[in-house]
Amino acid sequence: MTNPRSLTGRAITALAVGSVTFTSLIAGSPVATAAATGPTSASVQWRACPAYADDVIRSYVTSDEQLRKFRALLDRMECGTVGVPLDYREPRGRQITIAITRVKAADRKRRLGALALNPGGPGGGGYLFPLQIASMNETNAKLNDRYDLIGFDPRGVGYSTKADCPAMGGQPPEPGPLTKAAAKRVHDAGVAKNKACANSDPAFLSQLTTLNSARDLDRTRIALGERKLNFVGVSWGTWLGAVYRGTFPKAVGRMFLDSVAPVKFRLDDFEDGHAKGTERNFGRMAAWIAERDGTYGLGTTAKEVRAKILALRQAYDDNPRHYTDWEMVADGATVAMLAVQSAPDWPQVAQAFKEMHGKGDTAPPALKKLMDHGPRTPPAAGAPEQFNPTAGQAVFCNEDPSRLGFSDAWATYQRRLERSPVTGRAGAFTAQCAGWPLPVQQIKVQRGGGSLVLSGHRYEAVSLYEWTKQMHAAIGGTVFTVDDDVHGSVLRVPDCAAELVSYFNTGRIDRGCDGTPVPEK
């Protein structure tokens, strides 16, 4: 589960659904369609890797130096597919393929094993994720000294067998507070999309589950000839890791899960938790702003700042702002979107709050800088798919038992707004999984084998810290506490990443790290 409300380029999960169209088999690429057949034995079909232009690589890196390192890893990367059953109850039935990559350990004499990495989702593509991680900083690169790094696209994503549901058209609600009538239209449209998507290929889409992805991962382990598999999972990848470890306890070596998912998954509970977390973390933001009243003028105490932002949210809901230099209309949801941001963005957020108290026909510069990412550009030609919304929706909905009808969904939304008056409007009202016609396939995590580290972020709002404690009580392991509010930050902070690398090399780890620092100004 990733944060759909980040303003600074962190991973995004969409839940758009619509009618399914199948991708075609492209000559020379490892893409397969939902109708593909393949071998039933666990073996890797190795093949030439796709060639990637610099424009593609730049979507994974932030500097020329990282690009150079990424290219060097590409030169060492191997590509292949593993055939797996679509339905594991019918192992010799319809087959699909899982696309994998491998970068062999640099120090072959001291090699410790294979390490699979998953970036989150569901629906996230991980084909080049190991290269992205290893080229990010010198600390991460050390993971490849003694481990083969394994990337993979889960079933339904990227170069693996998939089916796509293009988004169906819909009219967004008017700016300002959502009316019940508008919410009903949103819910009805969502139900129609869910039904159209799921009914397009129920045989395939019903098999997009975390449990089946865990089974695919173990088939990959066997195909690679590994006695045990080591694993790093972020966000939804923690759920995948927990399910894999409980399902195949003898197959797990060392596992590190960052930003841990809840033990029992329901979308309505997840959104309730997210709303609770964002409102709570806004208290930290308000205190930070209050300490800098001389710069922002929003109050000298957290209570004063909170009151001022509540009034600002109400003012923008009462009178949504249209700007002469910007197509976006700012309303109370805009204020709430700013209020849910994590600590690295607080200086820009506070400046935007300050500017939004002013008058004028042009957009506040700080607001525009935070939220205007320009026109959406298509991925560079030949780029691997980094997120598949159909897979994301199918995995969520196949496992979600809530599937709220409109009355319950509207009551739940109203309750969130009441409990989270500052940040509640940041969460859009959606149908979630209402109308999804395929059977619910709930999963219960359980204790497994191998070594486990559960990394929880003390102030995070996307994956609550208490979820880490609950998962620890359910499946064991060691809790590693990161003192920040940034989702999945361990591999992006060298000091934290050093703890992760040391763990995979030695099996030992400290109890936590500082994480992403709170800005001084």
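Modeller: Helices are DSSP runs of H or I with at least four residues, strands are DSSP runs of E with at least two, and both are numbered from the N terminus. This is a predicted model, in which local features need pLDDT of at least 70, side-chain atom pairs count only at pLDDT 80 or more, and totals for chains, interfaces and linings use all residues. Residues are numbered from 1 along each chain as its sequence is written, and side-chain values use heavy atoms, with hydrogens and water left out.

Colleague: What is the relative accessible area of Val 395?

Modeller: Val 395 lies in helix H16. Buried means under 20% relative accessible area, exposed over 50%, and partly exposed in between (1.4 Å probe, protein chains only). Val 395 counts as buried because its relative accessible area is 6%.

Colleague: Which residues is Val 395 in contact with, leaving aside neighbours within four places in sequence?

Modeller: Contact means heavy atoms within 4.5 Å. With those neighbours set aside, Val 395 is in contact with Pro 122, Leu 208, Thr 209, Thr 210 and Trp 236.

Colleague: How many of the 11 residues of helix H16 are buried?

Modeller: Helix H16 covers residues 389-399 and is largely enclosed by the rest of the structure. What covers its buried residues includes helix H6 (180-200), helix H7 (202-205), helix H8 (210-223), helix H9 (236-247) and H10. Among the buried residues are Gly 392, Phe 396 and Cys 397. Of the 11 residues of H16, the number buried is 10.

Colleague: At the start of H16, a side-chain oxygen of Asn 388 reaches to within 3.0 Å of the backbone nitrogen of which residue?

Modeller: The side chain in question belongs to Asn 388, and the place is the start of H16. The distance is within 3.0 Å, and the backbone nitrogen is that of Thr 390.

Colleague: Is helix H10 roughly parallel or roughly perpendicular to H17?

Modeller: Axes are lines fitted to C-alpha atoms, for helices over the stretch in contact, and angles run from 0 to 180 degrees between N-to-C directions. Under 35 degrees counts as roughly parallel, over 145 as roughly antiparallel, 65 to 115 as roughly perpendicular, and the rest as oblique. The axes of H10 (residues 267-290) and H17 (residues 406-419) come within 10 Å and cross at roughly 15°. That makes H10, relative to H17, roughly parallel.

Colleague: How many charged residues are in the contact of H10 with H17?

Modeller: Asp 268, Glu 271, Asp 272, Ala 275 and Glu 279 in H10 meet Thr 412, Arg 415, Arg 416 and Arg 419 in H17. Ala, Val, Leu, Ile, Met, Phe, Trp, Tyr, Cys and Pro count as nonpolar, Asp, Glu, Lys and Arg as charged, and the others, Gly among them, as polar. The contact has 1 nonpolar residue and 1 polar, and the number charged is 7.

Colleague: A polar contact of 2.3 Å joins the side chain of His 487 to that of which residue?

Modeller: His 487 lies in the loop between strand S11 (478-482) and helix H19 (494-506), and it counts as buried at 11% relative accessibility. A polar contact is a pair of N or O atoms within 3.5 Å; within protein, one must be able to donate a hydrogen and the other to accept it, and residues adjacent in sequence count only if both atoms are side-chain atoms. The polar contact of 2.3 Å joins His 487 to Glu 460.

Colleague: What is the phi of Ser 259?

Modeller: Ser 259 is in the loop between strand S7 (252-258) and H10, and it is buried, with a relative accessible area of 1%. Most residues other than glycine have a negative phi. Ser 259 is not glycine, yet its phi is positive, near 65°.

Colleague: Is the peptide bond from Gly 121 to Pro 122 cis or trans?

Modeller: Pro 122 is in the loop between strand S4 (113-118) and helix H3 (129-134). Most peptide bonds are trans. From Gly 121 to Pro 122 omega is near -5°, and the bond is cis.
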